[in-house]
Each structure stands twice: as C-alpha cells, then as structure tokens.
Amino acid sequence: MYIFLSCVCAAISIFLISKHLNARKHRNLPPSPAALPICGHLHLLKPVAHRALHALSKKHGAVMHLHLGRLPVVVVSSPSAAEECLVKNDTIFANRPQSLAGNILGYNNTSIGFAPYGDHWRNLRRVTTIQVFSSASLQRSSATRCEETRFLARKMLQGSDHHQWRKVNLKSLFFELVYNVAMVMVVGRRGTVMDDMFGPSKILDVCDYIPLLKWIDLLGIRRKMESLNERRDSFLQSLIDEGRSKIADSSSVVENKSYVERLLSMQRDEPEYYTDEVLKGLIQPLFTAGTHTVALTMEWAMSLLLNHPNELEKARKEIDENVGAGKLLEDSDLQKLAYLRCIMNETLRLYPVGPLLIPHCSSRDCNVGGFDIPKGTTLLVNAWAIQRDPELWEDPEMFNPERFKGLEREYDGCRFVPFGAGRRACPGAGMAMSMMGLALGSFIQCFDWEREGNELVDLEQVLGLTLSKANPLEALCRPRSSIMSLLSQLSDL
C-alpha cells in the first residue's frame, strides 16, 4: 500500500510540474477549463464525449486545450480550425498518438491505422490504395458487392409469404452483408460472422491517459486487449494460411486473385519487408474499419427513411425511373441516383459513426487559430459538432437530404468530414459509398418497408465513442409486387 501511495504522489507531482513547465514554454495555448489533478479534464467528457466537448466549445471556443490525464489534447469544433489542422498542417498532424491499442492491436504500431507518418506508412497506404481502393480495384470488386447484395435479398425472400409483411433485423442483415463482402474480397469466400472480434474499439483508453493504470492493469484493460489480439491474430493468420494453400493447390494462373493472394505475391518478391505480421496489419482494417462503420451508417439511413416515408418514396421513384423496370440495381447505376447519394450524405452528416474522427498527433510545434500547439499534442476533430452547427447548416437537426442536392463537391472545405481529410483521411470512402448505395438502393428497389407499429423509430444512441443505435433496427418488409418477376430471378443466383 505504501508503494502504491508513493506512486500516486509521484504521478501527481510529475503531472503538476510538467503542466507548469509546459504552460511557461507555451504561453499562448488555447483556452482551457479548470482541471483536476491526475485526471485533468477527463471528468468533463461524460456522459457522451462529442456532446460534452461541443458544450465546452461553446464556452471556451472552437479551438480548446485540454489535459486528458497525462495527454495534452486540442479539440477543434469549426471547419476553419479543422481545415487548418487536417489540410494546411496535415503533415504535422499526420501521426497517431501512442497508445496501448496501437502497441497490442496495431502490431506494435506497424499497421496502417496506427503507424506513424513516414516511409512505412506511405507504403502501406500505397498498397491498400492500389490493391483495394483505387478506381480499378473498385471496378474489380463491384461484382462481389452486387452478388453479395443479391444473395442477401434472396435470403430474405426464402421461406416467406410474398404477400405478407415480415419482420427483419436490419442491423444483423447489414453487418452480415458487409462482413461477407470483406471475406470474399480478402480470401474469396463467405465466412461465419464474428461481430464481437472486430467491433469498434477505442484508439485511446483510460490507461493511456493515466499510465499507472496501464502499469498495474488494475482494470484488466491490457489483459482484455491481449486476449482480443490473440483471437484476431489467429483469425487473420488462418486467412493467410488459406491463401497459401490455395496458391499451392492451383495448377493454373488465376486472374481474379483474392486480396490475400495478391499480398502473398508481394511477400514472395520482398519477404524481408512483407512479413506475415505486415500482411495481417494490411488485412485487419478491412474488418475493423470496413465493416461496422458501413453497417452502422446503413442502419442509421434506414432508420431515418422509415421515419420519413416521403423521402423513402422519393428514393424509390428515382431508382424506378433511372434503373428501369426490367433490371435489378447494379453498381454502375449509382452515378444516376443523385437523391440516394444525398440521403447517404445527410445520414453521414447527422450520424457520423466516428463523431470525433480518429485521433491525430502533432509531430512538431505549430499554430492553429492563432494559438500555440506543442509537439506531441493529440488532436480531436469534433465532426459531429461541425456538421450540426446552425451557422453552417440550416435547420441542422432536421433530416433534409435536399440540402446536398446540386452540391458538386460533397466535402466542401471541412464542414462535412465524416471520412476525415488530409493525408490520413479514410482511403475507403469510395468503397463505403458504393457499398451503402448498392445495399440501400437494392433494399428500396426490391422491398416495401414500414415501421413496426405507429411509433417513430427510436434514434437513441449507445453511450460511447462510436455512434451506434441503442436499439437494433427492426422493420417490416415485403417484396414489391411490381418487380416480383425480377425478384424471382434471385432464386437462380
């Protein structure tokens, strides 16, 4: 007990001394609320961080300085400040803060999500762009997205009376869809959905704010993270081993190789660099960032459409007029569906799955909004607050897809940043929009939808760093009689 109390006293002393020295060195820090010893401003982030930070920014300004335990943090809540950080100073803020998650889940900060800005990260970004997210790669994977969407529609048709309403759990359906798309892209087959393994996880945790908790692991955070990493690593290694077996068993050259097979080809050419660990770090984001985020956004979109049947009908009419009565929606049709894209953008505006984006970290001293930002400061961009700012958006709390109509550049400055901006913006934005457009459009084209009961769909959120619905979306659906002949073709897929 004496040793523990001594450690606590030492931590308090170090915190106060470092804070005093930092304040003297950087006299023009952004405004900051009063802080407590050790925890700093952590107590001010409850119950929901992005809402609490929004309230604080109203009092202290759009550029605000906080201490979350030991971590110095700058929070920006205006498009001009966000643009200054993510665009004008994007190389300075291109790093990620050091964290326990990066060490354990990010393969010692070598995976694309956690790696510091530099040659290694640039190479990982180049590989994922060329192999997964480039225009050519999106075209190559469009057949997979279309096939898996129709497979799910066929599954919804089986065993149901086509004239009766049927209750479905859209949350589980959407996640099953995006998970299977990821599996087919990565290894060439569908898989068993493992929701708990790749669910949203914190980039920064309480033990990153208060190192003492990490050293003694009083809350068991390290043990849980290591256990999760063992499961993830075993799964990812099995995909790599499966790819090796497929290559060994193949007697001919296959043109449409899976992602794993293409990565193994690179490993064959440069085995010292492209180790299995690096390959797993390249595969992992397709499951961690490429499944839940897309599925959650589609769940929010359908929730909003069920609460706004007029907008749902407008989307259906656009699809019927532009796709035609003789065919099912395909990836190539999405460019003709401007209103559907407006619906997706409006959903992302209201419910960005990452309301504070992914944390950045400054690599050197810089200036934002006229304030000094020291090297090693963690950056949080409150996208949720920016995208609901009444000075930027008319009636910001309303679901109004028309606000995006005719907007040639969806990412107008940094007032709309659901995928981030700058060098570390999400490279999968194009694929995410294609996946969401195809899935939502197909569900609207193929089925009639109604709420279960007369009450509006509950839009309550889970308390956390990701915007998840508190209650999974369930709705009533039935096949549309006007396209039953098309739906019957799904049984032959």
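Biologist: Where is the place of N89, in terms of the helices α3 and α4?

Modeller: In this predicted model, N89 sits in the loop that links α3, residues 79-88, to α4, residues 100-104.

Biologist: What makes N89 count as buried or exposed?

Modeller: The relative accessible area of N89 is 16%, and the term buried applies under 20%, so N89 is called buried.

Biologist: Which residues does N89 touch, leaving out those up to four places away in sequence?

Modeller: With those set aside, N89 touches E84, N367 and V368.

Biologist: Which residues make the contact of α5 with α11, and how do they divide into nonpolar, polar and charged?

Modeller: From α5 come V127, T128, Q131 and V132, and from α11 come Y259, R262, L263 and M266; of these residues, five are nonpolar, two are polar and one is charged.

Biologist: How many helices and strands does the protein chain have, and what share of its residues counts as buried?

Modeller: The secondary structure of the chain consists of 18 helices and nine strands, and 55% of its 493 residues count as buried. Among contacts between residues at least 6 apart in sequence, 74% join residues at least 24 apart.

Technical notes
Residues are numbered from 1 along each chain as its sequence is written. This is a predicted model: local features need pLDDT of at least 70, side-chain atom pairs count only at pLDDT 80 or more; totals for chains, interfaces and linings use all residues. Side-chain values use heavy atoms; hydrogens and water are left out. Helices (H or I, at least four residues) and strands (E, at least two) are DSSP runs, numbered from the N terminus. Buried means under 20% relative accessible area, exposed over 50%, partly exposed in between (1.4 Å probe, protein chains only). Contact means heavy atoms within 4.5 Å. Ala, Val, Leu, Ile, Met, Phe, Trp, Tyr, Cys and Pro count as nonpolar, Asp, Glu, Lys and Arg as charged, and the others, Gly among them, as polar.
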